[in-house]
Amino acid sequence: MTLVDEPTQVRPPADHGPELGPVGLLRWAWRRLTSMRTALILLALLAIAAVPGTLLPQRGVATDPRAVARFAQENPDLAPVLDALGLFEVFAAPWFAAIYLLLLVSLTGCVLPRCLVLWRAWRSPPPMPPSRLEATSPGAVSWETSDTADEVVQRLAAQLRRRRFRVRVTRAAVGAETGHVRELGNLAFHLSLLVLLVGVALGNLYGFEGRVIVQEGAGFSNTRSQYDEFWPGPRTDEDRLTPFSMTLNDLAVRYETEGARRGEPRDFRADVTVTGSDGAERDTEIRVNSPLDVGGTKMFLTGNGYAPVVTVRDGLGDTVFSGPVTFLPLDGMNTSEGVIKAPDARPQQLGFEGVLLPTVSSSLETPLVSVFPDALAPVLVVTAWTGDLGMSDGAPQSVFQLDTSDLDQVEVDGEPLAEGLVVGQTVELPDGLGSITFDGVTRFANFQIASDPGKEISLVAAILLLVGLTVSLTVRRRRVLALVRDVGGHREVVVVSRGLTRLGPPAGELAAVTAAAGRPAPLPEPSPSGHEEPQ
Amino acid sequence: MEGRRRGWVVLVVAVVIAVAVALGWSALRGDTSPGGADQAATTASADPVLVVGEADRGEPVALSGSTIQGSQMSVADLVGDVVVVNVWGSWCAPCREEAPVLAAASRDYAARGVSFVGVNVRDNRAAALAFEERYGITYPSIEDPDGRAVLALSGYVPARAVPVTVLLDREGRVAARVLGVVSDDILRGLTDDLLAESDGTPTSASTAVRE
Amino acid sequence: MNPIQLAETSNALVVSAMAVYGLALVLHALGAGLRSRSGRGASTLPLPAVGASARVPAGVAVGDAVGGITGGSLDAPASAGGGAPPGHTRPWAPRVGRVAVSLTVLGFLLHLGAVLARGAAAERVPWGNMYEFSLTGSLAATGAYLVLMWRGWTPVRELGVWIQSLVLLSLGLATAVLYTPAGDLVPALDSAWLVVHVVAAVVSGGIFTVGAVAAVALLLRSRRGSPQGNSRQERTGLARLVHVTHLVAFPLWTFAVIAGAIWAENAWGRYWGWDPKETWAFITWVFYAAYLHAESTAGWSGRRAAWFALAGYFAFLFNYFGVNLWITGLHSYAGV
């Protein structure tokens, strides 16, 4: 990859004859790889290669963890092929990495030699005008003067220095150059991409992401076993997470209550008490866009839902479950579902599947639906199961699912029991199996916890990238060359401005410099080619 | 013409090398695809048993809180006994597998200077008590709804999973840890070693354990 | 005024702006048609109305380049300045063009009023859902067009028809399909970064739109060629316009992406997660980066480079419409 906007500097054609030795062959390959054309092709490939990553479900992309499995179920023939090609993990696929790594190699191979060139250019003095600098050459301004050559040269030099040109003066000539910083910006831009890669790699290697659901009144401590889901990097030290604890005192949720956007969420706020590693407690709040930060580990409020509080009594009358149960929301009205397991109920284990409707309409029409996401008139619909919940054989199971394979559904008059309960209501199960009471509703919060030790490096890289890019696209590298000479009894000044970049020198710069150096007005404006403002 | 053909060869070689590098890179990145949504994080570690030699043990464990039975307790009060700390929850299926082992051992060792302490994580009291009644567990369990007790414990020894069992020597220092379901053999072997330790009888804990 | 009145005022202003833009569009088209029929060398009247002289050395007037995209005849920009024989000119051709531009300015002011009223009605920045993005995005496009006119970028003039059409289309879509009543933000958008990230994306989008229209014009020109012989100069002018718009818009877009990444880090705990919106922003960025590199590659500058610019614009549009409407991702909260 060469540098942006430098059409004058094109590499020579890289194809040499057939009589290349192995070294020549390597050199040829290197040249080809670092050529702009290769870089362009790689850029286009990179962009195109990213497309399937947005059209096909991806593993490890946060939105829906089950999307890939569902896609595979719907397309049983296609999915294995796509999977083998890495199309469900495009951004971790070797071929995707191959493209950007080749691109970065190409970029480095191009940029490093440019660093050397820039270094040399910076140390060498600006070029002087050729002896035959013509008043008729493009971009030239000339006038006659009675001042001495030295006066004119000094005035011009002073003007140019004030405009931050590097100026070199001889008795009757001025050479000035500016805009090297453009190249510097360009190098900074390209090298920042390498720095960015380092930041990303550090984050991937040593960082982690995790998720946890916390009910109101409960809490979370930052240790591995507290996470519901945890994705460490290959070098993450899972046993030495930043120690802190958090108690969720209250989760405040507010919804739009009026108008066309009724039901849209307006505010989520988690009031928490945090205990740091030093044991000091503090009360704070976690909101969307306002995370908790403890020593670089951040905790984000990413979602919420309801945890209906239920009490289950078994056939012997003992309370075998009493507390909130996390129900996962299914829709915008927060219709939620979950399961309640009472494996220690006697004489038989009990399991319940429940659907929570936070606000049912007052007409109580069937089927019941939730009409508002806030819990204004909640109804818990339960169905019940008895038998073996499958928890005694030691295999871990989801707290959100009931394995009904060894269970019998509780029936009333030959129909499955399905009872809608309002708060405070109890349903007695038939045959003395027990009962379930709907005590009330609390909330839970979803938290995302993340640590990325590379993010500061990435941020620095991003700033470097932006600054470098802006400089390289706006600064114009240009030269001003001036000559004072005697032509047949009078003294003539010729000043030429030459752009070394596509945009050319800023409009009016030459006019202003020469006017201040004694050129009589009005200016016979030269041909505008290369100036920004077409005329 | 020949140069052109050779050019293609070089290009192909370059691409192959790049793919090889990329494969290495993605291997380095590791498998970051999400795991299951199970709350019960069991260990996949090859050797879940960790034994700390007498010379390498750290500070005495400070672990205290209110129990699900409603009283206060502190592990520090048990110094002089060998202490078995078990982290569990009634929702955790593997905990049910090991519960009979712990219940029986706690009865058998009660008179031999061994105390058992539970840490009940993310549970509700009714369910936890029903669990204890079913399995005949009589030792106290610290109630830990926000993980503070587990965090305190993991300050002394890595405790990545539920269940996890940690054994403290008579001075209250971490002497052994078992991630995941603890078997009767291992539990009794480790306990016997710790009891023997303070008798001054040297034994090899690790050989006793890893068979 | 209370919020409801303000919201109604905003809606009325949008409709008025659309009416004025529509009229301007007709006049732009008429002007382009007249200029193309009046032939080459005909209309070279100076155009002082857009104030270009403020930036150009005194005494140099801004020429009135001629020819619509469909026309294919344009004067060499440098030869303008009142030197052409007046007899060949249809005197009202440039006047029609001037009125069209004036109407565009009027429409822009109404449009700006609509956006401001919308913001006042919602008591926040007026870019919180797709209706508002479309409203501000088309305002930015018109603004970019007018700024280029004011700076004396002659070739942009003949693109008026097309830019005006896109703006009208965008506003039409906004009011007919995407309309959402003014209201509070969802919590996910309630952040200071909304101001920075979205405004950068919207403004760069406006400039990209002008650049894309110019790129299409350039490609059409190059394909047809021009029997009059000065098409090379037209092409140079257009190619420079394409280049300059992207020189401005690309760093702005880069900034939008970086600001988005910082916001994402603050909202979700990771600055980059290959969410569809992020990925398409990346694709857009890569195509535009390729465009700028192509511009400085021998044999790729101009026509071939323009294809990259168009690919970038397509990715930008897809990111806006496609990702918002068809693909589920973390950015799917704007309620359309």
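Start in chain A of this predicted model and select helices α2 (residues 36-50) and α6 (residues 94-123). The two cross in a left-handed sense. Their axes lie 10 Å apart and the packing angle is about 150°. An angle over 145° counts as roughly antiparallel, so α2(A) is roughly antiparallel to α6(A).

Now show the side chains at this crossing. From α2(A), display A:A39, A:L42, A:L43, A:L45, A:L46, A:A49 and A:A50. Facing them from α6(A) are A:W95, A:F96, A:I99, A:Y100, A:L102, A:L103 and A:S106. By class, this contact of α2(A) with α6(A) holds 13 nonpolar residues, one polar residue and no charged residue.

**A loop residue in chain A**

Stay in chain A and select A:Q349, in the loop between strands β14 (336-342) and β15 (350-357). Is A:Q349 buried or exposed? Its relative accessible area is 10%, so A:Q349 counts as buried, the cut-off being under 20%. A polar atom of the A:Q349 side chain lies 3.4 Å from the backbone oxygen of A:P343.

Next, display what A:Q349 touches, leaving aside residues up to four places away in sequence. The neighbours in chain A are A:A342, A:P343, A:W385, A:T386, A:G387, A:D388, A:L389 and A:S392.

**Chain B: overview and a helix pair**

Colour chain B by secondary structure: it has six helices and eight strands. Following the sequence, the order is α-β-β-β-β-α-β-α-β-α-β-β-α-α. Chain B has 211 residues, of which 50% count as buried. Of its contacts between residues at least 6 apart in sequence, 72% join residues at least 24 apart.

Select α2 (residues 93-109) of chain B together with α3 (125-135) of chain B. Their axes come within 9 Å and cross at roughly 55°. At that angle α2(B) and α3(B) are oblique to each other, and the crossing is right-handed. On the α2(B) side, the contact is made by B:C95, B:R96, B:A99, B:P100 and B:A103. On the α3(B) side, the residues are B:F131, B:R134 and B:Y135. The contact of α2(B) with α3(B) comprises six nonpolar, no polar and two charged residues.

Centre the view on B:A99, in helix α2 of chain B. Its relative accessible area is 1%, which means that B:A99 is buried. Leaving out residues up to four places away in sequence, B:A99 touches B:F131, B:Y135 and B:I137. For B:F131, 32 residues from B:A99 along the chain, the distance between the two C-alpha atoms is 9.1 Å.

Move to B:N124, in the loop between β5 (114-121) and α3 (125-135) of chain B. With 9% relative accessibility, B:N124 counts as buried. Its side chain reaches the backbone nitrogen of B:A127 at 2.9 Å. Which residues does B:N124 touch, not counting those up to four places away in sequence? They are A:F321, A:S322 and A:G323.

**Chain C**

Finish with chain C, which has eight helices and zero strands. Its pattern along the sequence is α-α-α-α-α-α-α-α. Chain C contains 336 residues, and 62% of them are buried. Among its contacts between residues at least 6 apart in sequence, 82% join residues at least 24 apart.

Select helices α3 (residues 130-150) and α4 (residues 160-176) of chain C. Their axes come within 8 Å and cross at roughly 165°. That angle makes α3(C) roughly antiparallel to α4(C), and the crossing of the two is left-handed. Like α2(A) and α6(A), then, this is a roughly antiparallel, left-handed pair.

For the side chains here, show C:Y131, C:S134, C:L135, C:S138, C:A141, C:T142 and C:Y145 in α3(C). They meet C:G160, C:I163, C:V167, C:S170, C:L171, C:A174 and C:T175 in α4(C). The contact of α3(C) with α4(C) has eight nonpolar, six polar and no charged residues.

Conventions. Residues are numbered from 1 along each chain as its sequence is written. Chains are lettered from A and ligands numbered from 1 in the order in which they are written. This is a predicted model: local features need pLDDT of at least 70, side-chain atom pairs count only at pLDDT 80 or more; totals for chains, interfaces and linings use all residues. Side-chain values use heavy atoms; hydrogens and water are left out. Axes are lines fitted to C-alpha atoms, for helices over the stretch in contact, and angles run from 0 to 180 degrees between N-to-C directions. Helices (H or I, at least four residues) and strands (E, at least two) are DSSP runs, numbered from the N terminus. Angles under 35 degrees count as roughly parallel, over 145 as roughly antiparallel, 65 to 115 as roughly perpendicular and the rest as oblique. A crossing is left-handed if the near helix is turned anticlockwise from the far one by less than a right angle, and right-handed if clockwise. Contact means heavy atoms within 4.5 Å. Ala, Val, Leu, Ile, Met, Phe, Trp, Tyr, Cys and Pro count as nonpolar, Asp, Glu, Lys and Arg as charged, and the others, Gly among them, as polar. Buried means under 20% relative accessible area, exposed over 50%, partly exposed in between (1.4 Å probe, protein chains only). A polar contact is a pair of N or O atoms within 3.5 Å; within protein, one must be able to donate a hydrogen and the other to accept it, and residues adjacent in sequence count only if both atoms are side-chain atoms.
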